[in-house]
Amino acid sequence: MRSSVEDAPDYCAIEFAMEVLGGRWKLAILKQLVTGTRRFGELKRTMPAITQRMLTRQLRELEADGLVTRTVYREVPPRVEYTLTDVGHSLDSITEQLDTWGRWYRETVRREDPLSGPRPAA
């Protein structure tokens, strides 16, 4: 388990942000929730490489940090939905910029090998 956000150093805001957003999946989860409320199964389908255990863990941490709200509906079968809080929505533009940068990087930089020149398109 990660350390507490309260334990993050005050001298570096980047370290503090990384304590909250760090991890392979958190920003991807936030990106999925930007468009609206999602059920656990919907999130899992949109990110097939994440394990159920890791998705649960990341959602719990996002909820603990106030970025996501978890709503449990007492139905049979039980329904659980996740929604971004206002704090979570404050990251909308950041997740969009990272998504745009990631696409650019994948299409340009990753196709080039510094030793042998550009890679052929797949």
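This report describes selected residues and salt bridges in a predicted model.

The structure contains 6 salt bridges. In one of them, Lys26 pairs with Glu61, with 2.8 Å between the closest N and O atoms. Lys26 belongs to helix 2 (residues 26-33) and Glu61 to helix 4 (residues 52-64), so this pair ties together parts that are 35 residues apart in sequence. Lys26 and Glu61 are both buried.

A salt bridge also joins the side chains of Glu96 and Lys31, at 2.8 Å from N to O. Because Glu96 lies in helix 6 and Lys31 in helix 2, the pair links parts that are 65 residues apart in sequence. Glu96 is partly exposed at 38% relative accessibility, and Lys31 is partly exposed at 26%.

## Within helix 6

Arg103 forms a salt bridge with Asp99, the closest N and O atoms being 2.9 Å apart. The two residues are 4 residues apart in helix 6, and therefore about one helical turn separates them.

Thr95 is also part of helix 6, which spans residues 92-107. With a relative accessibility of 5%, Thr95 counts as buried. A polar atom of its side chain lies 2.9 Å from the backbone oxygen of Asp92. Beyond its neighbours within four places in sequence, Thr95 contacts Leu27, Leu30, Lys31 and Val34.

## Arg70 in strand 2

Arg70 is located in strand 2 (residues 68-73) and is partly exposed, its relative accessible area being 39%. Its C-alpha atom is 4.7 Å from that of Tyr82, a residue 12 positions away along the chain. The side chains of Arg70 and Tyr82 make a polar contact at 3.3 Å.

Key
Residues are numbered from 1 along each chain as its sequence is written. This is a predicted model: local features need pLDDT of at least 70, side-chain atom pairs count only at pLDDT 80 or more; totals for chains, interfaces and linings use all residues. Side-chain values use heavy atoms; hydrogens and water are left out. Buried means under 20% relative accessible area, exposed over 50%, partly exposed in between (1.4 Å probe, protein chains only). A polar contact is a pair of N or O atoms within 3.5 Å; within protein, one must be able to donate a hydrogen and the other to accept it, and residues adjacent in sequence count only if both atoms are side-chain atoms. Contact means heavy atoms within 4.5 Å. A salt bridge is a side-chain nitrogen of Lys or Arg within 4 Å of a carboxyl oxygen of Asp or Glu.
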